[in-house]
Amino acid sequence: MKILVIEDEATLAQSIGAYLSDENYLCEFAGTFREAMDKIDVFDYDCIVLDLMLPGGDGLKILEEIKKENKQDGVIIISAKNSLEDKIKGLKIGADDYLTKPFHLSELAVRIYSIIRRKQFGNVNIIEQNELKINLPGKTVTVNDQPVSLTRKEFDLLLYFISNKNKVISKSALAEHLSGEIADMFDNYDFVYVHIKNLKKKLQEAGCDKYLKTLYGSGYKWEI
């Protein structure tokens with residue numbers, strides 16, 4: 001799952017990034033209004049942590065742009081402003097949640113999880129598809145009630161495919177999801193193929209049906 005942290009306080013941004021990385025999120029950062037706008041114009045995120053007071057502009061204008069472009073990124077506003085007016089305005093524009101600084105990083109992580117679960121998985125904690133069962137809070141996978149050991153990347157890929165079921169996903173989109181903005185620096189996407197190959201092998205050896213299809217020349221599709 002990919003998170004964009006828009007925060008000009010470097011220490012806070014680093015703390016958020018370190019904590020969320022330990023929770024298996026891939027984090028990118030923007031410290032100014034312009035940098036944030038450039039990133040949301042190019043990339044999609046599972047959730048955006050948005051500070052309202054930024055060098056060069058107002059965070060609410062970033063939120064307005066996200067909604068104007070009809071992007072589906074979840075948004076949590078974080079701000080030192082303890083103003084009811086700012087909170088109401090942000091939620092009316094389309095923010096999913098609001099946290100006032102200072103806050104506990106564990107609370108931020110829980111709220112991010114809740115937004116992603118609601119947007120992608122219909123607010124459930126357990127995803128079931130026939131013999132396959134995924135426990136979202138526990139980050140565990142079973143096939144026919146037998147545990148399947150997946151790496152962090154493999155688990156993230158599995159969720160990404162299921163949340164985009166019956167859609168063709170290109171290698172470049174998968175590379176961006178797994179590696180963020182640095183995906184453009186790779187000469188090829190062989191690392192994507194390796195992760196998918198290992199995911200397929202583990203699921204099939206556990207007795208899972210072949211839901212993950214390779215569409216040569218197009219990409220991959222989780223087919224139901």
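# Burial, helices and cores

Q: Why does Cys27 count as buried?
A: Its relative accessibility is 15%. Buried means under 20% relative accessible area, exposed over 50%, and partly exposed in between (1.4 Å probe, protein chains only). Cys27 therefore counts as buried.

Q: What kind of model is this?
A: This is a predicted model, where local features need pLDDT of at least 70 and side-chain atom pairs count only at pLDDT 80 or more, while totals for chains, interfaces and linings use all residues. Residues are numbered from 1 along each chain as its sequence is written, and side-chain values use heavy atoms, with hydrogens and water left out.

Q: What makes Cys208 buried?
A: Its relative accessibility is 6%, so Cys208 counts as buried.

Q: How many disulfides are found, and where does that leave Cys27?
A: A search of the whole structure gives 0 disulfides. Cys27 is in none: the nearest cysteine sulfur, in Cys47, is 10 Å away. A disulfide needs two cysteine sulfur atoms within 2.5 Å.

Q: Which residues of H1 are buried, and what puts them on the same side?
A: The buried ones are Leu12, Ala13, Ile16, Gly17 and Leu20. They cover an arc of only 135 degrees around the axis, so they lie on the same side of H1. The arc is taken over directions from the helix axis to the C-beta atoms. On the other side, Thr11, Gln14 and Asp22 are exposed.

Q: What do the buried residues of H1 pack against?
A: They pack against strands S1 (2-6), S2 (26-30) and S6 (74-79), and helix H5 (105-121). Contact means heavy atoms within 4.5 Å.

Q: What makes a set of residues a nonpolar core?
A: The members are buried Ala, Val, Leu, Ile, Met, Phe, Trp, Tyr and Cys residues, joined through side-chain atoms within 4.5 Å. The largest core has 49 residues; Ile3, Ile112, Leu132, Ile134 and Leu158 touch the most other members. Helix H6 (residues 152-163) gives the largest share, 7 residues. A second, separate core of 21 residues includes Ile6, Met37, Ile66 and Tyr98.

Note on methods: Helices (H or I, at least four residues) and strands (E, at least two) are DSSP runs, numbered from the N terminus.
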